[in-house]
Amino acid sequence: MSDTTAAAPVLELRDVSKSFGPVVALRSGSLRVDAGSIHALIGENGAGKSTLVKVVAGVHRRDSGTFDLGGESVDFSSTAESKQAGVAVIYQEPTLFPDLSVTENIFMGRQPLARGRRIDRPAMTAEAERLFSRLGVRIDPRRPAAGLSIADQQIIEIAKAISLDARLLVMDEPTAALSGVEVDRLFAVARSLRDEGRALVFISHRFDEVFALADTVTVMRDGSYIDTRRIEETSPSELVSLMVGRDVDDLFPKVPAEIGAPVLEVRGLTKAGVFHDIDLVVRAGEIVGLAGLVGAGRSEVARAVFGVDSYDSGSVSLSGRDIKAHDPRSAIRAGMAFIPEDRRKQGLVIDSSVSRNVAGVIRRSIAKAGLITASMENRAAGPWAGRLEVKTNALDMNAATMSGGNQQKVVIAKWLATDPQLLIIDEPTRGIDVGTKAEVHRLLSELAGQGLAILMISSELPEVLGMADRVLVLCEGRLTAELDRADATPEAVMHAATHHLETTA
Amino acid sequence: MSATREAAPTRTYADYSAPLWQRLLLTRETAVIVLTAAVIVYSMANVPNFDGPLTLKFLLQDIAPILLIALPMTLVIITGEIDLSVASIMGLSSVLLGVLHESGMSIPAAAVLALFAGLVCGALNGFLIAYVGLPSLAVTIGTLALFRGIAVGLLGTTAITDFTEKWSDLATGTIGESRIPIVMIPFAVLTIAFVVLLHFSTFGRGVYDIGLNDEAAHFTGVDVARTKMVLFILSGVVSAFAGIYFTLRFGSARGDNATGYELQVIAAVLLGGVSIFGGRGRLHGVLAGVVLIGVISSALRLESVTVNVTNIIVGLLLVASVILPSVLAWASSRLPRKAAPAAPSEPHPHQNAASAGV
């Protein structure tokens, strides 16, 4: 299948759409990838990249549009079908069988057989060694997959894809968890695959990588195809404007708020191997953005400040009151609210009702002598759900049935009900549709205007730059920059977020 | 969004998505209660002597220990844990009562010490599970053997049978002229206390939150460890109380008293609609579950059916009650429904079975 003619592209998607119930995940996705090309696919979170990839991988079936592979129209209903057709998808964190050897992982489900239907181990190992030498990497094919780095696990996925003779490789944010050296090795492998005539789709949030690796780039926004450019004919700033596609002020309606006295003061917070010597102050009315790469320790700092995780040394105080370490109740009593990254696992008791969730933190104060009834909870929860315009029929509806945006509103309602002085919000708009996103941003801005101190963690650079009065950048567990709103440019933030890596690499 | 911390609500909601009768009647608990009532009516009509004067008394005396222990066990299982050591704690408290009484202590004083021993046993379970973080299944299998071993070790294979008649009469007596055993009074008090604790207190809300999602409960400020500790201590104390009752009723303190009761308690709790995975269940369903098992055993005994057959029937009932919700969920998922925004399942990169044989 490597004899695909240059005329027909390996992959061509046109106007593909996909909805989940009322949520439109992909409005009109188009992508055309040629053989022997590395094609970058970029866009903000929620732009529809992952949904598009899942359609190609056969995880989702498209609702409409055309999907051609090597010039032939295809319609996958399972990942097995897409694999058979020569499509391989490598995810950010591959899931190998940890107890099986590297070789067994590569040949899982299609082991070569010797006489008598025995598995031909020598042949398998030899083939794995041949694959690794072709990729120019050194991994012992006999070792178990457990304990391999994420980079090595990805290489094993790639080796598997090559052994299947995949003509299209999709890599969904493969570098997010890799170090500098590992990224270089992955890129070398990707280039050699390109030179063999395979087509690669590379999803990344990092422009430097897109420009270093890809030859073509397609931009998506709000579930739609925006544009495709040759890499030498475009620039990072052009791509940003294509990705955002509108005035940043419009999406991030930050109104200047009067900044008051310090509310949260963190001094020398350290947890060995996770974060070191973190000093930070958040003042009343101020939104402080905490930026950094995935794995830089941002969420870990937030969790330690709130007390759901422990820390080794340092201190946390709220409005001058010391907060006990590793005790979320102490933080809640002092007026701290924490909206965690993972709504379904941490933010909500997902199988519980709206009213029990909204009244979840304040139930001690609405209870009379420790006694509480459902009607007391409903009376307390109803107004808060109303203020946030949670879309639900009744307060006893299960939170699991709601959309991500509505779930996030329930979490916000639950914490605003505690009348906090400080709100820590981790990835405020992850997995939320664009309309609700703007609502959340407007709400945060309004809350700050009323004097709430907000510490916001976000992986979306435009969100950090659009919302924060001040940006703190974390790199490998250390604060590497503190930037005022005026100085916080994407370049400055990204430089600080990767600076430590460069000096240690 | 006009949401601000002070603005008036822009939207109001109905409290419930279903009318009251549906919420009351279309529940698992109601099904168990109806089934129990049906079995009682059938037995009254068809089983000889089931409506006799002594049946009710013996039935209630038989199921009293199960009823008592089912109360804390319900809360423990709703948090997603389990306590298998309850019957061994009964045995230990029984032996302690006997040994202490034999050495000259009065029954009330010996009973207080036996209750305290139950507290210590429960605290040991609770400490290992809540603070050390060990799985309750493993811990309580261990303490099941440990407490039983101590009990048998203290008394050997002998039995202590010389209890003061006054106290034995209390355990076997009825309230006034009625057929209700006296033990139903402390049971009623404990039932009210546990219903309030589980269904009408902030502590009880935490119990459900832990069972549904202990991580989210922790993030919401529920003291997960302390809640579990309290529940295991309650389980230990109530089990010790049941052991004291059991000893006085039969007038016999033995190391192997109440062996196997933990399975009857757990069977009744699950039959009553409590999810073994935690987070779901209500006390009235559990009490109906205990009564259902008790009535079936009692009726079959009056029919002179052997205990083995009774066990088979109770076992089948339990398996059916665990399977039934899954079957109903499967059936309702087969019905055509409005498309819901289900969370798309994560693709598994290794599910390439269909490409086998390449």
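User: At what angle do helix α2 and helix α13 of chain B pack, and how far apart are their axes?

Analyst: Bear in mind this is a predicted model. In it, α2 (residues 28-46) and α13 (residues 283-302) of chain B pack at about 25°, and their axes are 9 Å apart. Angles under 35 degrees count as roughly parallel, so α2(B) and α13(B) are roughly parallel to each other.

User: And which hand is the crossing of α2(B) and α13(B)?

Analyst: α2(B) passes α13(B) in a left-handed crossing.

User: Which residues meet there?

Analyst: From α2(B) you've got V32(B), I33(B) and V39(B), among others, and they're part of a set that meets α13(B) residues including A288(B), L292(B) and V295(B). The contact residues split into 11 nonpolar, five polar and one charged.

User: OK, switching to chain A. What's the strand order in the open sheet?

Analyst: Six strands, running β16-β17-β18-β13-β19-β20 in chain A, with mixed pairing. β16 (336-339) and β20 (478-484) are the edge strands, each with a single partner, so one side of each has no neighbour in the sheet. From one strand to the next, the twist averages 15°.

User: How many bridges join β19(A) to β20(A)?

Analyst: Six, and the two strands run antiparallel. Within β20(A), A481(A) is the residue that stands opposite V473(A).

User: Which strands does helix α10 of chain A lie across?

Analyst: α10 (residues 298-306) lies across β13, β16, β17, β18 and β19 of chain A, and runs at about 145° to β16(A).

Key:
Residues numbered from 1 in each chain as written. Chains lettered and ligands numbered in written order. Predicted model: local features only at pLDDT ≥ 70, side-chain atom pairs only at ≥ 80, totals over all residues. Heavy atoms only, no water. Axes fitted to C-alpha atoms, helices over the stretch in contact; angles between N-to-C directions. Helix = DSSP H or I, 4+ residues; strand = E, 2+ residues; numbered from the N terminus. Parallel < 35°, antiparallel > 145°, perpendicular 65-115°, else oblique. Left-handed = near helix turned anticlockwise from the far one by under 90°. Contact = heavy atoms within 4.5 Å. Nonpolar A, V, L, I, M, F, W, Y, C, P; charged D, E, K, R; others polar. Pairing = 2+ DSSP bridges.
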